[in-house]
Amino acid sequence: MSLTDILSPSDIAAALRDCQAPDSFSPKKFFQISGMSKKTSSQLKEIFRILDNDQSGFIEEDELKYFLQRFECGARVLTASETKTFLAAADHDGDGKIGAEGIYFHI
């Protein structure tokens, strides 16, 4: 399964266009524009599984910086400040990684 099986390719493209400039990424806005904020719990868990590149059950900081590239291979890498802000907001237990429940924080 791919992200385009769950999210509209045009919505993904619009979300990526919105955050093309460095330090313009807002997870909440990205989730809204891409349509993630309208998905069911099971669909969000599937999206998380796809985003979890190493299938560890967590998204770590080194994976998170490539978050946008999981939606489109040519997308930019998140800046260090975007990555740290995103991680801090979604890392509920302070262990330096995001569990599946962390994806809900922006919705």
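**Close-up 1. The phenylalanine cluster.** Phe 25, Phe 30, Phe 31, Phe 67, Phe 71 and Phe 86 are joined into a cluster by ring pairs. The model is predicted, with local features requiring pLDDT of at least 70 and side-chain atom pairs pLDDT 80 or more, whereas totals for chains, interfaces and linings use all residues. Residues are numbered from 1 along each chain as its sequence is written, and side-chain values use heavy atoms, without hydrogens and water. Nine aromatic pairs are present in the structure; rings of Phe, Tyr and Trp (its six-membered ring) pair if their centres lie within 6.5 Å, with planes under 30 degrees apart counted as stacked, over 60 as edge-to-face and the rest as tilted.

**Close-up 2. The pair of Phe 25 and Phe 86.** The ring centres of Phe 25 and Phe 86 are 5.4 Å apart and the planes lie at 45 degrees, so the pair is tilted. Because Phe 25 belongs to the loop between helix H1 (9–18) and helix H2 (27–34) and Phe 86 to helix H5 (residues 80–90), the pair ties together parts 61 residues apart in sequence. Helices are DSSP runs (H or I, at least four residues), numbered from the N terminus. Phe 25 is buried at 9% relative accessibility, and Phe 86 is buried at 4% (under 20% relative accessible area, 1.4 Å probe, protein chains only).

**Close-up 3. The pair of Phe 31 and Phe 86.** With centres 6.4 Å apart and planes at 75 degrees, the rings of Phe 31 and Phe 86 form an edge-to-face pair. Phe 31 in helix H2 and Phe 86 in helix H5 are 55 residues apart, and their pair links distant parts of the chain. Both Phe 31 and Phe 86 are buried.

**Close-up 4. Lys 97 and the ring of Phe 58.** The charged end of Lys 97 sits over the Phe 58 ring, 4.4 Å from the ring centre (NZ of Lys or CZ of Arg within 6 Å of the ring centre and within 35 degrees of the ring normal).

Note on methods: Helix = DSSP H or I, 4+ residues; strand = E, 2+ residues; numbered from the N terminus. Buried < 20%, exposed > 50% of the residue type's maximum accessible area, 1.4 Å probe, protein only.
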